[in-house]
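Please go through this report with the model open beside it.

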Amino acid sequence: MASLQTRNRRIAISLVTLVVGMLGLAYASVPLYELFCRVTGYGGTPKIKIAGAPVKKSNGTIEVRFDANTNKALQWHFKPVQVKQTVKLGEPSLAFYRVKNTSANLLTGTAIFNVTPFKAASYFSKIDCFCFVEQTLKPGQEIDMPVEFFVDPEIFSDPKTQEISAITLSYTFYPVERDEDNVDRTLSRKSGSNDEIDS
Amino acid sequence: MANSVEAHHGEHEHHYPGFFTRWFCSTNHKDIGTLYLWVAMIAAIIGGVMSWYIRAELAEPGLQLISNDPEGRQFYNVLVTGHGFIMVFFVVMPAMIGGFGNWFVPLMIGAPDMAFPRMNNISFWLLAAGFILLLIAAFIDGGPGTGWTVYPPLSSADFHPGRAVDFGILSLHVAGASSILGAINFIVTIFNMRAPGMTIHRMPLFVWAMLITAFLLLLALPVLAGGLTMLLTDRNFGTSFFDPGQGGDPVLWQHLFWFFGHPEVYIIILPAFGIISQIVSTFSKKPVFGYLGMAYAMAAIGVVGFVVWAHHMYTVGFDVNTRAYFTAATMVIAVPTGVKIFSWLATMWGGSIRMEVPMMYAVAFIFLFVVGGVTGITLANSSADLVFHDTYYVVAHFHYVMGIAAILGMFAGWYYWIGKMSGRQYPETLSRLQFWLFFIGVNVLFFPQHFSGFAGMPRRIPDYPDAYAPYNYISSIGALITAVGTLLFFVVLWRTYAAGTRVGANPWGEGATTLEWSVDSPAPWHTHEDLPDMAGKAPAE
């Protein structure tokens, strides 16, 4: 039998491997978590479908509501053009958001999004969206931005989601540049909340 | 190994190193254990003073002690944060694992020392460094006011722009490294250095508890370290793990933190389970009831503890199936903990019970743990928890089940083993008084918080509506009684070292069967140089 010292070292090395493995797992959880949210629609993550994807049509309709928020550090005015739409299930629909740069600077923002109730997310698919890319606005510029989406008719076949009558699609615009002239940290530190509800 | 031990014997039979070498370069498991216990006691005073300041502020509605401005409220947040960090990382963990673990694991398994004595020294000094970093954090840039959970975005650069949170993160990293090294040391020691005949299934339950705790540390702490590193790079190097504006998710932090945080509460309470098992068995003069069940109940608690973390974050918006799973999994933990409670009761049942001070603390521990466990079952229900979340009901629950229970376990261990550690017994009357003051104090302190929490009083807020005033007043009186009880403990400590009666190898007599009672009191510089033969002995004897 190996000496006590050798046996001690052997166990210690395998335990260190365990520690390194757990550390690796902590980092691996970042992409895994993202993948998990995308696949399961967790936390209201909608599905993203490329245009032309075959969809079952149906005669049922559902109400879709639109919500817009802006991070305080981004001086934009961001609102949905229409508060709600009644859409046919399985049929691509188009909605618009209006955004205006109220500052005197060229600003770039990016929008994050989710749908509520969260459990509706796996039946809510985006075909194209202004949120897929960053948006840059000149001082004072105002634009209308489109989002194209459809709701899967399967939503009414799933016992967990068949009682849903309305889905809310929500966006929050964040600034992209993190340098000090665009991100007013003192402002967001003093305010209690990070997001300004605009609607 | 055997040769060097023999050589050692002849050369330095009564040789003690000088003060600096003995206490600063120590590699002796007993001295390192003593150092850990001292650090824990110093940290307990600091963490305790913070909590008494909090209770003094909360004694009446309105702001009395802290100033009514953002700086004052930040100071209150820093107190709450500091109290949590200090009590968890620098009081309970050093005392239980570093202190009693280092002292008694080698003694109980018949090993001459820990497997890696020098690494043991590094563990201790990393912990001391971590503690200093945390104290520095409290004094710069307004201090970390994040709560011990360090949730972003509150802990992000937007809301804590100074260096305080960075120092806090560094402190936890260093303390975490200390614990990981310590845990490796314990596992290797327990696996490889048991005396002949001391099989895994004959180890005392305290050693079992330390083994399982060490594994929990190894599996949980790296995840915290990973999360903390992400937070650090988010704050300073432009990554965006937890920043939703850049595609991150703050809820990911909650998952990572609680994947560590839930096992952490078992890391805190399992060593107390071990201590209580030894004490209940000793003072009932019976081997512990259902030894194997007790050992594997702890293992089961450890395993299940890794798959229940989301019960700390029911309010983030899980779907109903996820909540159902975490509710059910959480309640499953009541089964192995129930096995432990009933086995302790069964050990006492029909035993020849002597109510010495350690036993009083052990029984008090069981009482507090059951009260905290019952409210834990309540909180495990996700639908009820949506209402209880962040109220004083939760504060009362976790102080009962892991905070005060762990402190009672530590007191129990101290009174049980002080004869072995110092060679002197505690003063009987004073110690009994200390027990009753502390026990009554903590119950008066935390029991009313169930009611104020049930009525909706929020955590971590320095002010509250007048409706909550009576419960808070009672609670603060309890804090005062607890403070007197704590102070009296230090008097007991002083009287023990100054005038305690000297004790022999085994002051507890017949019931104390574990190996630490076979060596002299105080335990000599070197113990178990000739390995004891445990072949054919009954479990845990």
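Buried means under 20% relative accessible area, exposed means over 50%, and partly exposed lies in between (1.4 Å probe, protein chains only). B:Arg432 is partly exposed, because its relative accessibility is 30%.

This is a predicted model: local features need pLDDT of at least 70, side-chain atom pairs count only at pLDDT 80 or more, and totals for chains, interfaces and linings use all residues. Residues are numbered from 1 along each chain as its sequence is written, chains are lettered from A and ligands numbered from 1 in the order written, and side-chain values use heavy atoms, without hydrogens and water.

**Salt bridges**

A salt bridge puts a side-chain nitrogen of Lys or Arg within 4 Å of a carboxyl oxygen of Asp or Glu. Over all chains, the count is nine.

| Pair | N to O distance |
|---|---|
| A:Glu63 and A:Arg65 | 2.8 Å |
| B:Arg163 and B:Asp166 | 2.8 Å |
| B:Arg432 and B:Glu428 | 2.7 Å |

B:Glu428 is partly exposed at 31%. B:Arg432 and B:Glu428 are four residues apart in helix H15 (residues 428-454) of chain B, so about one helical turn separates them. Helices are DSSP runs (H or I, at least four residues), as are strands (E, at least two), numbered from the N terminus.

B:Arg163 is partly exposed at 39%, while B:Asp166 is buried at 9%. A network of salt bridges links B:Arg163, B:Asp166 and B:Arg235. In chain A, A:Arg65 is partly exposed at 40%.

**A buried histidine**

B:His29 sits in helix H3 (residues 29-58) of chain B. It is buried, because its relative accessibility is 0%. Its side chain reaches the backbone oxygen of B:Trp103 at 3.5 Å. Beyond neighbours within four places in sequence, its contacts (heavy atoms within 4.5 Å) include B:Asn102, B:Pro112 and B:Thr527.

**An exposed patch**

B:Phe19, B:Phe20, B:Phe24 and B:Trp125 make a nonpolar surface patch of about 450 Å². Helix H2 (residues 19-24) of chain B gives the most to this patch, with three residues. B:Phe19 lies in that helix and is exposed at 61%.

**Confidence**

pLDDT is the predictor's confidence in each residue, from 0 to 100. Chain A has a mean of 82, with 84% of its residues at 70 or more. Its confidence is lowest in helix H2 (residues 185-190) of chain A, at a mean of 39, and highest in strand E3 (residues 76-80) of chain A, at 93. Residues 179-199 of chain A have pLDDT below 50. Where pLDDT is low, the predicted coordinates should not be read in detail.

Note on methods: A polar contact is a pair of N or O atoms within 3.5 Å; within protein, one must be able to donate a hydrogen and the other to accept it, and residues adjacent in sequence count only if both atoms are side-chain atoms. Patches are made of residues with over 30% relative accessible area and no salt bridge: like charges are joined within 9 Å, nonpolar side chains (Val, Leu, Ile, Met, Phe, Trp, Tyr) within 5 Å. Accessible areas come from the Shrake-Rupley method with a 1.4 Å probe; for residues, only the protein chains shown count as cover.
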